[in-house]
Amino acid sequence: MTNIITHPAASRGGQRRPRAAGQTAPDGSPAGRIPVPLGSGAMRAPAHAATVVQTACSPELLAAAEAAVDTALATVFTSDPVLGPGLSQLNSVLASVVKRHGSLIESAITEALERSDRYLVLRNVAMPITEPTQETLRDSTPAQLHGSSIALRGEVAQTVFLDLVAIDLEERRAFVAEIKRGGGKSEMRKVHQVEWILRAAQLQGRSFLASLGYQVASARAVLIDVYGRAGFSEDLTVTGAELDALFEVPVEDALETVTAVLAARLREAVPGLVAVAHVNVGRAGGSIRRSGAR
């Protein structure tokens, strides 16, 4: 089971991270669902999702991948005045599924590490960044900080939330990771923000984990950029193809499996979406011609 840890010095003031696909919110509604301003969905999810089999991922995770597509299909999105209702629905479903893929990627990595029985995995970990840590970061280059570790002391300057902390129980090493799908380049402001957090986590990682009761010999911060196009610094970036070598357990197969199930379910639904979009485009074209005739 995944552990969610909050540090005693931390207080949550920002937004919660969205739950992974297939989970529910406290009120019982699907987590992360896009508001439905127009009522029922244009296309309903099928009564029975495509069959999933246990391979590199658990049946629950693969079912969540299918549910991510079905939830997107069952949602009506606001019609764009240029695209019209059919194309708006098609465009929004595709964008929604791509977005939900990010949560599934994080879940797949977590599950692969946990199933190895080698790693203790913590998700959504609250970590305080102290003022001495910030001062050290401001006064040093990444090269100067390489291999450095400082104590977790002084006033807390800010509290951040880490996607994943994986503790190798065999080697007593820890990985502090932020996870990006990496389908496109991230905004530079976001890149700077995430890299600052990761460098702080690496600098005070050992002492931070010790404060939670975990003694490790080393702590490494990594930016997991699955498709390698997010644009983060090379010294922090690890792509999806490099995860097996990083963790020394199979992770890439889990990513490929959950992605294949998501893609297959989406491709199964696309012809219906395209047909609806085609009909709506034809109707819109007829309306324009009739309007011009008058």
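Where does E242 lie? E242 sits in the loop between β6 (237-239) and α6 (243-247), with helices (H or I, at least four residues) and strands (E, at least two) taken as DSSP runs numbered from the N terminus. This is a predicted model, in which local features need pLDDT of at least 70 and side-chain atom pairs count only at pLDDT 80 or more, while totals for chains, interfaces and linings use all residues. Residues are numbered from 1 along each chain as its sequence is written, and side-chain values use heavy atoms, leaving out hydrogens and water.

**Around E242**
- E242 is partly exposed, at a relative accessible area of 40% (buried means under 20%, exposed over 50%, partly exposed in between, with a 1.4 Å probe and protein chains only).
- The C-alpha atoms of E242 and D225 are 9.8 Å apart in space, and the two residues are 17 apart in sequence.

**Aromatic cluster**
- Two aromatic pairs turn up in a search of the whole structure (ring centres of Phe, Tyr and Trp, the last by its six-membered ring, within 6.5 Å; planes under 30 degrees apart are stacked, over 60 edge-to-face, the rest tilted).
- Y119 and F247 make an edge-to-face pair, with 5.6 Å centre to centre and 90° between the planes.
- Y119 belongs to strand β2 (residues 119-130) and F247 to helix α6, so this pair ties together parts 128 residues apart in sequence.
- The ring centres of F175 and F247 are 5.1 Å apart with planes at 75°, so that pair is edge-to-face.
- F175 is in strand β4 (residues 173-180), 72 residues from F247.
- Y119 counts as buried at 5% relative accessibility, and F247 does at 0%.
- Together, Y119, F175 and F247 form one aromatic cluster.
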